[in-house]
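Here is a short tour of a few helices and the packing around them. Have the structure open and follow along.

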Amino acid sequence: KPLSPELVEAASAVASFLPLNKKQTESELIAQLRRHEETTDKQKKGGTINIRNVISEMAIKRQSPAQRGVRISNRISLELDEDGQRIKPERLSPQSFDSRSLKVGRRLNIFTKASTETENALKTVSSPTIWDLEFAKEIAAITAQPPRNGFEEMIQWTKEGILWEFPIDNEAGMEDDAEFHEHIFLEKHLEDFPKQGPIRHFMELVICGLSKNPYLSVKQKIEHIEWFQKYFEEKKELLQEI
Amino acid sequence: MAARRLGASSWQQVVLLSRRCCLPGGRRERYRCSSSNTALGKTVENSEVTQEEIVLPRRKIWDKLAVLQTLASTVNRDPTAAHYMFQDDPFLMPRNAANSRLFSLSKESGRNAAKYIIKQFPQYFDKTFAEPNIPCLMPETLTPQIEGLSEEALKERIHLRRVKDSVDLFDQLVQAGTPVSLETTNSLLDLLCFYGDGESTPEKEDLEEPGVNASEQEAPKREFQRGSQPSGSRWRENNNAERIFKIMPERNAHSYCTMIRGMVKHGASAKAYDMYIGLLNERHKADVHTFNALITAVPYLKERFLERWELAKVFLNHMAQQEVQPNLLTFNALLKTLRRCGGVGRNMALLVIKEMEALDIEPSLATYDHLLFIFYRGADLCPSGIISEVLGDVGKRSFTPQDPDDANFFATAMQVCCDLKDIKLAYRLNKAMEKGDNWKFLDMDRLNAYWSKFFSLLCMMEQIDVVLKWYKEMSSSLFYPTPKNILDLLQALDAANHLEVIPSVWEDMKQLGFNRRQDLLEELLSLMSRERHPDEIQLAFAKCAEEIKAVHEQTRREQSLLEWTGSTLGHVALLFSRAGRTQEAWNMMERFQQISRIPTDQVMDEFLNCAKKTNCPDEAIKLVKLAASLGLPSSQRLKNRTEKEFELSEKQKKTLESIKSDSDSSDSDSDSDSDRD
């Protein structure tokens, strides 16, 4: 389609006006005009627009996440917002699959992972407060279900200390630092006593009785013997006379 | 001769034997032939092991519970028995959900009553019979030992959690001028803030569990959930905590933190925020628990969703600035706040999850619970893959409790599965629950609700044989069907055309105590009477109908008489008729007038059929009379049928005729009316 004659005339007039290469200017102007015509025709006919050209010129506007969130939430939220925001009708069709996933996505980027050294340094040792104790109790109560069978009941009782621990340890609950031989073989405490005579005889009987006594501790037995020793020491003079 | 030879031969044998023993290692000393057999045995053994090292196996130390735990793992659930805690007397086994809750509460109540007695009267429990002593069954000494006005006495009272005594003692100390250390004051503040100025163990407990008869409670009960505090106490203005806080000569970060936590716990969120500003002004650093409390208080501080999120982010940024590391509870609190932020919550929740992942914090069940609530609550359920991923994560491992909200997860998840009507998700959820210790997160109430919802979903979505299999396995041992479950089951049976199972469902209904529920009875009767069935089934249906009739007639004390409705009466009459029980059917028909209802045509036709089959023309005539007296339009038709189909005696014919005249006159009246019009 040829350009209109007025345009051509105008172009040549401009070209003659400009001091530079007249011919070149004129041809450039006319070429440009022609390009305009072509583009107009194309777009009139609804021809393809080069998207790439369009987009490359566009600058990406950065939105704050909050604004973006609000926009999306206004688009998606259906329920009556309790805080009085505009109630937008649902635009997204219910069949559309929400492609959000736990695995992909951005993070908040507020915190940074502490290295283990800083973690240890930050941990201050303090005795648990009432808050900690009660929280621990509450947590333990979540999974404290009643026992489902007799064995679980026995487990619970063993933990509470009501049931004996199997295999039975017949020294359970007894705090005794001494071994059994220290209870029974007590002759070594009789070294200070005379080797013969009625006192020795008497003390051997005492030791025999003590060794059979399960109720006294070793210390108490030794104390017992020492008491006798002190007693006989005091009465030594009396006995010597006899 | 023989004896000598024998003797010789035996002697030779002995020589041979000894020689054989000496042969292998005659040189070595060990193989010295000795007469004693035991020595021989020992030397032979030793020769074999000289070449190898004897490695004694290390003695295994078993945990005291190992054997019991192994034994417990061999026992599975018995599908025919109730829960173990009810196995005492078969009469006392609970039959439905309400009873099971009542019984378990009463069991706990008994234990609490015993503890109360031991606590109140320790003088009767001073002898220790058990060896070794069992401290948990003995009374505790909770009376303070230290007397006098000293910090030690105050510390002891704080330790024993005697709130009022501690406050009084503190006031006395302050008045006397004795300085109280910061640490002790802080622990006093801890005590006060935790209990919100109430006592730790209230004197009079009027806490009533719902549904428990007041007359059954003899001893004052504690709450059923151990360790939970009554959260109804609110933060009073200028209570002891605030007062003591104000008069403290010096405060540190701990004082502020405990005040903030107390205020948030007892509902004074605005004050907590002001206290936090005070903390910042003093240039203190809050700890992670305080921040968690503040984040939970956000929904009470702001109304609009965006503002809530912004405030929460402010707190998070402060945490980062003060170099306080967030923990699992921080993020759970954040998600809990996002639950109340509508659409903003949905967008931000996933970012929170990714943040947790970046900090290597493993989510707990509460995290997933909040997630499911955020994404699946409300009407706009866009199908998303979130629940599938959540189930995948949960099913992978066995969880330990870390957050009080962990217990809600399974109930929420099952609710979501029901809303989505997805049975496969429900199966996956069940598998996740059976993994490891996850089952422990469901207590009695939640367990019942969980399985009840699952069963409803099953009835909706699965084949009838699968439904019945589950029903047989689960009912009474794992959960007690609710009325809704029974309705769903009936509908499923109807859809699968399996109505012959209905009599057994009726048996279960009786056991569950639902035999007086009007809605269930209606459904049951209508299903049974809709179509004609083969004879045995019809007889079974009639038996059910008879029992339902008995239910309507009996009154026990405290129970009102169950009323007949038109439809139930009609159904029962129909069922009797179909089974050929004419007399009983007639009984039913007579009651229609009592409740001023009219039987339907179908009922009357069936009755006539029955009368014909059982050859009771008298009943037929009575029916016609009834219809005529009620002025029903079908009475003419019934009369014709009676005339045609029955063999009537003269007397009967005459009675029938007389009825005719009644209906005729009424007809003529109506005719004349219509003529006039």
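An axis here is a line fitted to C-alpha atoms, for helices over the stretch in contact, and the angle between two axes runs from 0 to 180 degrees between N-to-C directions. Keep in mind that this is a predicted model.

With that in hand, look at helix α5 (residues 151-159) and helix α7 (residues 182-195) of chain B: their axes come within 10 Å and cross at roughly 25 degrees. Angles under 35 degrees count as roughly parallel, so α5(B) is roughly parallel to α7(B). Their crossing is left-handed. The residues that meet are these:

| Helix | Residues in the contact |
|---|---|
| α5(B), residues 151-159 | B:Glu151, B:Leu154, B:Lys155, B:Ile158 |
| α7(B), residues 182-195 | B:Thr184, B:Ser187, B:Leu188, B:Leu191 |

Next comes helix α12 of chain B, residues 305-321. Its 17 residues should span 24 Å at 1.5 Å a residue, and the end C-alpha atoms are 24 Å apart, which agrees. Among its buried residues are B:Phe305, B:Trp309, B:Phe315 and B:Met319. What covers the buried residues of α12(B)? The cover includes α10 (269-281), α11 (288-301), α13 (328-339) and α14 (342-358) of chain B.

Finally, the nonpolar cores. The largest has 173 residues, of which B:Phe409, B:Trp451 and B:Met589 touch the most other members. Beyond its neighbours within four places in sequence, B:Met589 is in contact with residues including B:Ala573, B:Pro599, B:Phe607 and B:Leu626. Another core, of 10 residues, lies apart from that one, and A:Leu190, A:Met203, A:Ile207 and A:Phe228 are among its members.

Notes
Residues are numbered from 1 along each chain as its sequence is written. Chains are lettered from A and ligands numbered from 1 in the order in which they are written. This is a predicted model: local features need pLDDT of at least 70, side-chain atom pairs count only at pLDDT 80 or more; totals for chains, interfaces and linings use all residues. Side-chain values use heavy atoms; hydrogens and water are left out. Helices (H or I, at least four residues) and strands (E, at least two) are DSSP runs, numbered from the N terminus. The expected span of a helix is 1.5 Å times one less than its number of residues. Buried means under 20% relative accessible area, exposed over 50%, partly exposed in between (1.4 Å probe, protein chains only). Contact means heavy atoms within 4.5 Å. A nonpolar core is a set of buried Ala, Val, Leu, Ile, Met, Phe, Trp, Tyr and Cys residues joined through side-chain atoms within 4.5 Å. Angles under 35 degrees count as roughly parallel, over 145 as roughly antiparallel, 65 to 115 as roughly perpendicular and the rest as oblique. A crossing is left-handed if the near helix is turned anticlockwise from the far one by less than a right angle, and right-handed if clockwise.
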